[in-house]
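Hi,

Here is the structure I promised to pass on to you.

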Amino acid sequence: MMSKLKTIQKKAVIRKEGGLFDFSGTEIMRDAASVTAAGEDTTGSSEDTADKPMRGAEILVRGLIRNGVDKIFGLPGGAVLHIYDELWRFRDEITHYLVRHEQGAVHAAEGYARATGKVGAALVTSGPGATNAITGIATAYMDSIPLVVITGQVPLPVIGTDAFQEVDTFGLTLPIVKHSYLVRDVRDLAAIIDEAFHIAASGKPGPVVIDVPKDITAQICEEPRTKFARVFADDVPPAADEAILDTITDRLINAERPIFYVGGGIVTSGASDDLMKVVELLQAPVTPTLMGLGGFPTAHKLSLGMLGMHGTYAANMGVSEADLLVAVGVRFDDRVTGKLATFASQAEIIHIDIDPSNIGKVKQPHISLVSDAKSALQRIATKLESREGAALNAGKAKREEWWKKLRAWLDSVPFGCKYSETEINPQQVIEELHRITQGVAIIVTDVGQHQMWAAQFYPFKRSRQWITSGGLGTMGFGLPAAMGAQLACPDKTVVAVVGDGGFQMTNQEIITAIQYKIPLKVLIMNNGYLGMVRQWQEMFYDRAYSEVDLSISPDFVKLAEAYGALGLRAKIPSELAEVLEKGLAHDGVTIMDIVVSKEENVFPIIPAGQDTRNMILK
Amino acid sequence: MRNTLSILVANEPGELSRIVGLFSARGYNIETITVGTTLEEGWSRCTIVTEGDDSVIEQILKQCARLARVREAKSVTKLPHIEREMALIDVNAKTPADRQEIKNLVDIFRAKVVDISHDRMILEASGNKEKVDRFIGLLESFQLNEVARTGYVAINRLTADTRSADTPVRMSAKHEQAAVNT
């Protein structure tokens, strides 16, 4: 038995190295049948390899491997037993990480995807497995993260009978997926997997769910078929016509008060360098969204810092008074725009986005371009370079006044951090973290005050250094996502910055990190409150602190120890640096419980739905 | 404004619910919806009548076009088009005079009598919304028992050049590329 198993694995590796399954995500999906046929030609006949009729579960696992998956996060159950049986056989090629709750599996896959840009993969069982995964799928959907989530399903003949652990996963996930499948024929499975990975990664990325009934995974497929002739979702848009690019270039050169408002699209398309080139040629200011952080270095002289609800004074004032707003890879989220009618009301708006439905969804632009950020910025840079130096310089001269104004705003309201002898200030924690990690750690956050402080006080240098749940605002995201990011980037320091509230939503995954020796660093900003809610209650609900008190919490240091992790605590400022240094240096999982001042608020804040100029500064 | 949208979608399980779900999730109302096969195997045409100003319709079309199995989404209302609906109408016809009068209406509206009993008739009518509404309206005085309507199907007129980039329908194309709104 053992020797047979070895043979199978060896053969599978040979096939991979042979380049047969060198699957490029940018390619239109391949004919699954032809892949199999090609395999027959080169590997010769062996009953043990892919040429033989296979059961669905093996097709599935081979499909994952073919599409570049070497790590998958999941938790088994009845409906996915055949798949887990195959995963066991293929354990040398694909490592499965056993989470303790399915939400953790999807967040970990997301963390992996967000840190690398590759498609993350998760595997859960039917019914409760699928419903537990939903929060993660929705999180990925809102932030356009490429995922393939495989959910088990009850056998086809009993679907619709309220069978044990049956739930309509296809229906439940319909509004939160880029695409989804209920596999009805084992012959389609190979093609579905290939297409799922293509759809997840191409265009504007997103999660794809494959719901696989148990009987499909047991059935033997004699001959796979390619049911889908073509993927229509993300055919490459035709190249932007020159006239539009010329118009945009003219506007950029001649604008007196331009501002670049850039988002997750910069990160997703890898457009950082191109953005840098364009704004340096123009000497134009840049403000990233929460999702765009890292896409442009925060400390760069052209950076105004983040805009929006908790953005910088300069960025928000800048957008208010700009005469040209260049929106690239953004969707005019309400956390950015505040009151829509007054957002960038003096500006001509250029909107560049890969998703046509984002254009004009909430704000009608004057000029629009459907394109990925990278190719658009690349072509704009080329256009700019082709213009006469004199014209570019004249444009720069026009913007000198603008920069004086922007600098004044930057200087007048910097992000403030108070220091005290007795209490650790939360902002100070991030400053220290930044100092000790030399500004190069991957920071993964949960959602709330700590998230905003991390965004404000950790100047990011590069794309994918900042991982956060932006759109859905999912508490509990941080810890498992950091686990995925750490697995994706084993050589980098990954710190999960979480609150004491969100930490308690998914802290069961600490044991997963312990089990797989993932040297995760968890920094709990512990203020004994659901802090952001408390802040809103303080500011907008007459300090009625309704159900936000978390002062009754477990002892996080003891909890860490119970899990077998290193637990450390800092309660006063003099302990902070030592705890962070020791915790980050530890070769293993560390839980750092940083007790911070209880009622510190995030400033500036634009009250929801208000004009961005109505910032409350302190 | 009433708009008739035409969406070419793969004939696969669940694809229609994706489109319908998109309408409900975004708070758009569907007045009628019809789906039928097309000349091309594996593809169905879905005709949806909905309310909304231009920007809402544009959003709906773009959202539909974004779906992986939607190949084309357009508003046929923007160009000269033909729109038809069919109705089956069960109406009381208790006296010979009633029957005669209904028969007259059937002739005027070029409808058909498809079933008859001693006191009722079932009529088949087709045409645009106004015609079918009017026909049913005139029959109300005889007392209607039941009306089943198909919802609308629509097609652009041969005179309408749907490929012209200058016509409003371009907003409906799968790949709206770029635009300068001046």
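Below is what turned up, taken topic by topic.

Please keep in mind that this is a predicted model.

Asp211(A) sits in strand 7 (residues 207–213) of chain A. Asp211(A) is buried but has no salt bridge, and Arg184(A), the nearest side chain of opposite charge, is 8.5 Å away. What does the side chain of Asp211(A) make polar contacts with? One partner is the side chain of Thr151(A), at 2.7 Å, and another is the side chain of Gln153(A), at 2.8 Å. Setting aside residues up to four places away in sequence, Asp211(A) also touches others, including Thr169(A), Phe170(A), Tyr181(A) and Leu182(A).

Next, the salt bridges. The count over all chains comes to 51. In one of them, Arg66(A) and Asp194(A) meet through their side chains at 3.0 Å, N to O. This pair ties together distant parts of the chain, 128 residues apart: Arg66(A) belongs to helix 3 (residues 56–66) of chain A and Asp194(A) to helix 8 (residues 189–201) of chain A. Arg66(A) counts as buried because its relative accessibility is 10%, under the 20% cut-off. Asp194(A) is buried too, with a relative accessible area of 1%.

Glu58(A) pairs with Lys52(A), their closest N and O atoms being 3.1 Å apart. Here Glu58(A) is buried, at a relative accessible area of 3%, whereas Lys52(A) is partly exposed, at 26%. Another salt bridge joins Asp333(A) to Arg331(A), with 3.4 Å between the closest N and O atoms. Asp333(A) is partly exposed at 22% relative accessible area, and Arg331(A) is partly exposed at 27%. Salt bridges with shared partners also link Lys52(A), Arg55(A), Glu58(A), Arg62(A), Asp85(A), Glu86(A) and Arg89(A) into one network.

On to the nonpolar cores. The largest has 59 residues, and those with the most contacts inside it are Phe260(A), Tyr261(A), Leu275(A), Leu325(A) and Val328(A). Helix 15 (residues 373–386) of chain A supplies the largest share of this core, six residues. Apart from it lies another core of 50 residues, among them Ala115(A), Val124(A), Ile510(A) and Val589(A).

Finally, chain B. Strand 1 (residues 2–10) of chain B is mostly covered, with eight of its nine residues buried. This strand runs antiparallel to strand 3 (residues 43–51) of chain B, joined by nine bridges, and Val9(B) stands opposite Ser44(B) there. Strand 1 of chain B is also antiparallel to strand 4 (residues 70–75) of chain B, through five bridges. Ile7(B) has Ala73(B) as its bridge partner in strand 4 of chain B.

Best wishes

Notes:
Residues are numbered from 1 along each chain as its sequence is written. Chains are lettered from A and ligands numbered from 1 in the order in which they are written. This is a predicted model: local features need pLDDT of at least 70, side-chain atom pairs count only at pLDDT 80 or more; totals for chains, interfaces and linings use all residues. Side-chain values use heavy atoms; hydrogens and water are left out. Helices (H or I, at least four residues) and strands (E, at least two) are DSSP runs, numbered from the N terminus. Buried means under 20% relative accessible area, exposed over 50%, partly exposed in between (1.4 Å probe, protein chains only). Lys and Arg count as positive and Asp and Glu as negative; His and the chain ends are not counted. A salt bridge is a side-chain nitrogen of Lys or Arg within 4 Å of a carboxyl oxygen of Asp or Glu. A polar contact is a pair of N or O atoms within 3.5 Å; within protein, one must be able to donate a hydrogen and the other to accept it, and residues adjacent in sequence count only if both atoms are side-chain atoms. Contact means heavy atoms within 4.5 Å. A nonpolar core is a set of buried Ala, Val, Leu, Ile, Met, Phe, Trp, Tyr and Cys residues joined through side-chain atoms within 4.5 Å. Two strands pair if DSSP finds at least two bridges between them.
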